[in-house]
Amino acid sequence: MSKIALITGITGQDGSYLTELLLERGYVVHGVVRRTSSLDRSRLKDLYADSETYKNRLFLHYADLDDPTTLRRVIFKAAPDEIYHLAGQSHVGLSFEIPESTCEMTAMGTLRLLEMIRDLPKKPRLFHAASSEIFGKPTDVPQDEKTSLRPVNPYGCAKAFAFQMVAVYRDTFGIFACNGIMYNHESPRRGENFVTRKICRAAAAIKLGIEKELSLGDLSSKRDWGDARDYVVGMFLALQHETPGDYVFATGELNSVEDVVRIAFETVGLDWKQFVKQDPRFMRPAEPQRLIGNPSKAELQLGWKRTRAFTQLIAEMTLSDLENLRPTGA
Ligand code: GDP
């Protein structure tokens with residue numbers, strides 16, 4: 001019998017890679033899709049167009065985290081062995097503009113899901129994608145699973161709530177629920193308003209003469225950036241372990257926005273200083289400090305490891321955008 005997985009946030013960067021990974025491993029995959037998501041142009045379009053897979057082993061359902069009745073029905077119908085909860089507004093900058101809906105989706109949405117699982121006679125395993133933003137301005141560097149939570153933006157606060165609730169439901173109701181404390185993770189499928197993709201896309205567009213310059217916020221901001229394809233393997237491994245727990249998924253390495261700029265522009269053979277401008281519109285009211293993760297627990301307990309280095313990842317993303325933007329036939 002194939003295992004059954006349900007993914008919230010299936011159309012996102014991580015959801016699409018995780019779907020591919022689970023299908024490769026013989027799973028039946030159900031995905032929760034918001035009515036507003038366009039499937040034709042989504043990251044799932046190739047799987048969606050593949051009639052062998054779509055509606056045989058991959059099923060998409062319209063539901064939303066703020067519509068508990070529908071979500072409950074989908075869970076009941078799919079009867080999953082594993083739920084991967086990846087959905088939610090995930091842009092930190094945007095969370096200052098729409099704090100209430102960020103909390104509604106990310107914090108309350110996770111609680112609703114936990115309540116649904118609590119009521120099921122056969123409880124599926126749950127993976128919740130938490131975020132390094134729960135640490136905000138940490139006292140410990142690098143951070144691990146025992147570091148105190150000190151979020152500095154609405155997104156971090158919402159994720160901190162969800163993170164704690166997952167632990168409460170695990171301890172109180174015996175649910176096999178895991179938190180992944182996910183540091184930033186990127187790929188050619190990263191959303192275009194995240195800084196790495198914004199930079200890689202712009203370097204490619206400037207190279208092709210489609211755009212002239214790139215406006216950015218704080219170039220000195222640093223992040224622990226990994227590869228999304230490695231991080232979805234971590235999600236999967238967490239749910240295969242004998243016991244549930246929380247795991248940091250990170251690289252343990254810090255790089256700056258300027259490092260991303262330099263690598264992306266070097267990849268297309270341009271001098272970034274001629275094209276990049278600072279623009280106060282992209283500055284954040286508060287920046288997390290020294291967010292760098294120690295993934296030792298995931299490495300030791302789950303056998304998780306990274307496969308791609310940062311420079312390689314940024315170069316790959318830039319070349320992928322060069323390919324995407326190149327006029328057909330050129
Ligand atoms: P985040 O860690 O989830 O906020 O990921 P982002 O990719 O959105 O931002 C990473 C870092 O890049 C943050 O410290 C931003 O302040 C910084 N940054 C600098 N310029 C920009 C920009 O133009 N857009 C975005 N999104 N971030 C920028």
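The structure holds 23 salt bridges, a salt bridge being a side-chain nitrogen of Lys or Arg within 4 Å of a carboxyl oxygen of Asp or Glu. This is a predicted model, in which local features need pLDDT of at least 70 and side-chain atom pairs count only at pLDDT 80 or more, while totals for chains, interfaces and linings use all residues. Residues are numbered from 1 along each chain as its sequence is written, and side-chain values use heavy atoms, with hydrogens and water left out.

**Salt bridges**

- Glutamate 82 and lysine 3 form a salt bridge at 3.2 Å, N to O.
- Glutamate 82 lies in strand E4 (residues 82-85) and lysine 3 in the segment before strand E1 (4-8), so the pair ties together parts 79 residues apart in sequence. Strands (E, at least two residues) and helices (H or I, at least four) are DSSP runs, numbered from the N terminus.
- Glutamate 82 is buried at 1% relative accessibility, whereas lysine 3 is partly exposed at 35%. Buried means under 20% relative accessible area, exposed over 50%, and partly exposed in between (1.4 Å probe, protein chains only).
- In another salt bridge, the closest N and O atoms of arginine 170 and aspartate 246 are 2.9 Å apart. Arginine 170 sits in helix H6 (residues 154-173) and aspartate 246 in strand E11 (residues 246-249), 76 residues apart.
- Arginine 170 is buried, with a relative accessible area of 15%, and aspartate 246 is buried, with 11%.
- A network of salt bridges links Glu192, Arg197, Arg201, Glu211 and Asp321.

**Two domains**

- Domain 1 covers 4-186 + 225-249, and domain 2 covers 195-223 + 255-290 + 309-325; these bounds come from an automatic or database domain assignment.
- The contact (heavy atoms within 4.5 Å) takes 17 residues from domain 1 and 18 residues from domain 2.
- About 1500 Å² is buried between the domains, and carbon and sulfur atoms give 61% of this area. Buried area is the accessible area (1.4 Å probe) that two parts lose on being put together, summed over both.
- Phe96, Glu186 and Trp225 supply 44% of the area that domain 1 buries against domain 2, more than any other three residues.
- Two salt bridges are counted between domain 1 and domain 2.

**Cysteines**

- The count of disulfides is zero, a disulfide being a pair of cysteine sulfur atoms within 2.5 Å.
- The sulfur of cysteine 157 is 6.9 Å from the closest cysteine sulfur, in cysteine 103, which is too far for a bond.
- Cysteine 157 is partly exposed at 40% relative accessible area, while cysteine 200 is buried at 0%.
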